[in-house]
Amino acid sequence: MAACSGEGAGSGGNSGDKPADLTIGVSMPTQTSERWIADGNSVKEKLEAKGYKVDLQYAGDDIPTQSQQIDQMITRGADVLIIAAIDGTALSGQLQAAAEAKIPVIAYDRLIRDSPNVDFYVSFDNYKVGVAQASALLVGLGVQNKDGSKGSASGPFNIELFAGSLDDNNAHFFFNGAMDTLKPFIDDGTLKVKSGQTKIEQVAILRWQQEGAQKRMEDLLTSSYNDGTKVDGVLSPYDGLSRGIITALQNAGYGGANKISVVTGQDAEIASVKLINDGVQNSTIFKDTRLLAEQAVVAAEAFLQDKTPEANDTNTYNNGVKVVPSYLLPVQTVYKDEIKPVLIDSGYYTAEEVAVGQAKG
Ligand code: GAL
């Protein structure tokens, strides 16, 4: 379709090139989640503001589509690739082709595994995301206070656990962080996973799909809570899953006067922020995608200028072949009280977007 950009193509750029001669390929997984749309737009806007050309593609959560889109970015002469992988283990072929064409590859938010050709990784502290999610569950149940001190409730509480897609490296970091935090409370009987499903393989939801989470929650309610007991809390690693879980709970009569389970989340998606404001979802973990996009742009520009991007972590992210130098950003837990100071006052959302201060809809 598009003509090859020619100059600078496949060179990874060199210091003499003008921004207008350089193209950055940006490969995003899906548009079904708000966050990836915001990520894609932020990266594009920031690169274009510096004068670069941007080839932004979304892959509809389909692995062959993403592979094909990256192949095309390479043949169209991308000078740097920024990739948020659908399946972190499925892009070795594309990355080999990129390496042969001397195109630097930046893994965006999700680590690309099993390839020596990942040059840099920009993400958040994913283990800490899991710790924050588990801590929010403990706070919601009253077992712990926000400052980490012991809370007034002692349980025992019934909880259930969810994890993300097993082919996403992040899902494992979130789950490990959460389980390390919850384990002492499970061991001493404060928390009970009534279904007995505590292994990531048992609780993972393929492609992070909301419907998958709703179905698994419905199955859990039928199989483990048909004796009148209540599920007090649910560890959910992502707002989309949280909304599926909440739908299943509401369909089973939870909510309103019948207190809904404490459900955690991640990404501060607008629909979930509204649920938090209405007291339906307990919390989310806010990851400022503007800052992540900014770091991706900083790293891309370093490569284009034949420099090495600055890492702040060179230990944690072993992709199976090598430790990928990383720049990790901090995360923030958002309960109802944090919506205004963290999400609105920072300009991430307007009060109207998250319907804060308006009548419940
Ligand atoms: C993860 C990401 C989360 C969430 C999830 C589902 O890789 O780190 O923030 O967006 O994918 O999209």
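# Briefing: a cavity, a pocket and some aromatic contacts

Helix α5 (residues 169-187) gives the most to the lining of the largest cavity, with 4 residues. Keep in mind that this is a predicted model. A search of the whole structure turns up 1 cavity of 30 Å³ or more, while the largest pocket holds about 420 Å³ of space. Phe174 is a handy place to start, since this residue is on the list of those lining the cavity and also pairs edge-to-face with Trp208.

**The cavity**

- The volume of the largest cavity comes to about 30 Å³.
- Its lining is made up of Gln133, Phe162, Ala163, Gly164, Ala171, Phe174, Phe175, Ala178, Leu235 and Pro237.
- Sorted by class, that lining has 8 nonpolar residues, 2 polar ones and no charged ones.
- Phe162, one of the lining residues, also has a charge over its ring: the charged end of Arg216 sits there, 4.6 Å from the ring centre.

**The pocket**

- The largest pocket has 27 lining residues, and Thr32, Ser33, Arg207, Trp208 and Tyr238 are the ones nearest its centre.
- By class, the pocket lining splits into 6 nonpolar, 9 polar and 12 charged residues.
- Four helices, α1 (34-49), α5, α7 and α8, each put at least two residues into the pocket lining.
- Of these, α1 supplies the largest share, 3 residues.

**Aromatic pairs**

- The count of aromatic pairs comes to 6.
- In the pair of Phe174 and Trp208, the ring centres are 6.1 Å apart and the planes meet at 65°, so this one is edge-to-face.
- Tyr238 sits in the loop between β8 (233-235) and α8 (239-251), while Trp208 is in the loop between α6 and α7, so the pair ties together parts that are 30 residues apart in sequence.
- Tyr238 counts as buried because its relative accessibility is 11%, and the cut-off is under 20%.
- Trp208 and Tyr238 are also among the residues nearest the centre of the largest pocket.
- Elsewhere, Tyr121, Phe173 and Tyr317 form one aromatic cluster.
- For another charge over a ring, look at Arg35, which lies over the face of Trp36 at 3.9 Å from the ring centre.

**Strands and sheets**

- An open sheet is built from 4 strands in the order β7-β6-β8-β9, with parallel pairing.
- The edges are β7 (191-193) and β9 (262-263), and each has a single partner strand, so one side of each is left without a neighbour in the sheet.
- The parallel strands β8 and β9 are joined by 2 bridges, and Val234 has Val263 in β9 as its bridge partner.
- Strand β1 (residues 23-28) is mostly covered, with 6 of its 6 residues buried.
- The cover is on both faces of β1: Thr23, Gly25 and Ser27 are buried on one side, and Ile24, Val26 and Met28 are buried on the other.
- As background, side chains in a regular strand alternate between the two faces of the sheet.
- β1 runs parallel to strand β2 (residues 53-58), and 6 bridges join the two.
- Within that pairing, Gly25 stands opposite Asp55 in β2.

- Ile70 is part of helix α2 (residues 63-75).
- Ile70 has 0% relative accessibility, so this residue counts as buried.
- Leu91 is 21 residues from Ile70 along the chain, and the C-alpha atoms of the two are separated by 9.0 Å.

Terms used
Residues are numbered from 1 along each chain as its sequence is written. This is a predicted model: local features need pLDDT of at least 70, side-chain atom pairs count only at pLDDT 80 or more; totals for chains, interfaces and linings use all residues. Side-chain values use heavy atoms; hydrogens and water are left out. On a 1 Å grid over the protein atoms alone, a cavity is a set of points where a 1.4 Å probe fits but cannot get out, and a pocket is an open set with protein on both sides within 12 Å along at least five of seven lines; lining residues have an atom within 4 Å of a point. Grid points are joined across faces, edges and corners, and a volume is the space filled by probe spheres set on the points. Ala, Val, Leu, Ile, Met, Phe, Trp, Tyr, Cys and Pro count as nonpolar, Asp, Glu, Lys and Arg as charged, and the others, Gly among them, as polar. Rings of Phe, Tyr and Trp (its six-membered ring) pair if their centres lie within 6.5 Å; planes under 30 degrees apart count as stacked, over 60 as edge-to-face and the rest as tilted. Buried means under 20% relative accessible area, exposed over 50%, partly exposed in between (1.4 Å probe, protein chains only). A charge sits over a ring if NZ of Lys or CZ of Arg is within 6 Å of the ring centre and within 35 degrees of the ring normal. Two strands pair if DSSP finds at least two bridges between them.
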